[in-house]
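Subject: Structure handover

Hello,

Here is the structure you were going to look at. My notes follow below it.

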Amino acid sequence: VIGIAGLCVAAFTLPQSHPATVVEALTRPPGTSFLQALALAMIAVLFAYDGWTDSTYVAGEVVNPKRTMPIAIVWGTWLVIAVYVLTNIAYLHVLGPAGVAQYEAVGSETIRRLLGSWGAGALAVLVAVSTFGTTNGAILTGPRVTQAMAADGLLWKPLARLDPARGTPSLALWVQGVLACVWLWFAGGFEDVSGWFVTTSWAFYALTTASLFVQRRREARGEIAAPSYRTPLYPLTPILFVLATALIIFSDLRDSGWKAWAGVGIAALGFPVYALWKGRRARSA
């Protein structure tokens with residue numbers, strides 16, 4: 001965040017002292033509608049704004065989660081919004097709309113015009129540090145889901161084991177590492193990784209949001225207690241979220257080919273796995 005803030009300060013205070021990089025202008029493929037282009041652009045945006053869910057994976061290990069979790073999710077999300085919006089304003093200030101549309105590596109071109117090649121190299125280091133930080137967060141939180149499922153009898157029981165000295169789900173960590181390597185082996189580039197991730201993850205976000213309607217019906221029947229938090233502008237906000245997410249996912253599945261469908265197919269394997277382990281748990285009980 002400090003590095004991005006430095007980039008924004010440079011964008012608004014330093015003159016453009018270096019020439020623009022000559023590249024071939026990026027153009028929209030023929031036959032692509034505005035909605036298709038918008039959905040494709042939103043894939044990268046949704047990837048950038050993702051991460052607010054990771055804190056929920058470790059909610060069971062958080063001290064005073066009723067106070068801490070809303071701060072982490074709500075204020076963390078607002079911080080990310082502020083950072084990305086300010087950064088994009090900085091890009092537009094230096095490159096203009098035409099320049100932003102022309103360059104694929106917008107941040108690198110922005111800092112190169114201000115500070116030259118050494119500035120672009122410094123930005124590359126910043127991106128690497130940010131990537132390692134993101135990866136660290138994913139490593140810390142992701143295996144907690146596998147561990148919790150195994151503890152509930154929905155996966156192989158050894159995956160629930162915690163390291164006696166560190167308290168970490170060591171076997172679940174190894175499984176995640178192996179699966180990540182396999183996933184990257186088949187990826188052709190960053191766009192494949194982000195596209196697969198968004199298509200599958202946001203499908204689950206839409207399902208999770210849709211479950212709010214079920215919870216409200218259960219609440220109305222007196223089956224569950226009313227929660228202390230109420231969704232603002234209900235039911236408009238969850239309906240809008242589900243419809244927008246469904247539109248983006250549908251567009252990606254239609255335009256991205258087999259790779260997007262492969263991600264959905266892998267996620268769909270959860271259904272038979274769930275049925276298998278649920279059945280085993282019922283028989284063992």
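Which residues in α4 are buried? They are M69, V83, T87, A90, Y91, V94, L95, G96 and G99, where buried means under 20% relative accessible area, exposed means over 50% and partly exposed lies in between (1.4 Å probe, protein chains only).

Before the rest, two notes on provenance. This is a predicted model, in which local features need pLDDT of at least 70 and side-chain atom pairs count only at pLDDT 80 or more, while totals for chains, interfaces and linings use all residues. Residues are numbered from 1 along each chain as its sequence is written, and side-chain values use heavy atoms, with hydrogens and water left out.

Helix α4

Helices are DSSP runs (H or I, at least four residues), numbered from the N terminus. The cover over the buried residues of α4 includes α1 (2-13), α3 (54-57) and α5 (106-115); contact here is heavy atoms within 4.5 Å.

Helix α4 covers residues 65-102, and its end C-alpha atoms span only 45 Å. A straight helix of 38 residues would span 56 Å at 1.5 Å a residue, the expected span being 1.5 Å times one less than the number of residues. There is a bend of about 100° at G96, and a proline, P97, follows within four residues. The bend at a residue is the angle between axes fitted to the seven residues ending there and the seven starting there. G96 is also among the buried residues of α4.

Salt bridges

Side chains of opposite charge can pair when their charged atoms come close. The rule used is a side-chain nitrogen of Lys or Arg within 4 Å of a carboxyl oxygen of Asp or Glu, and the count comes to 7 salt bridges. Among them:

- R144 and E61, with the closest N and O atoms 3.0 Å apart. This pair links distant parts of the chain: R144 sits in helix α6 (residues 117-151) and E61 in the loop between α3 and α4, 83 residues apart. R144 counts as buried at 13% relative accessibility, whereas E61 counts as exposed at 51%.
- R230 and E219, at 3.1 Å from N to O. R230 is in the loop between α8 (190-220) and α9 (236-255), and E219 is in helix α8, 11 residues apart. R230 is partly exposed, with a relative accessible area of 36%.
- R218 and E223, with the closest N and O atoms 3.6 Å apart. R218 is partly exposed at 31%, and E223 is partly exposed at 47%.

Regards

Methods. Helices (H or I, at least four residues) and strands (E, at least two) are DSSP runs, numbered from the N terminus.
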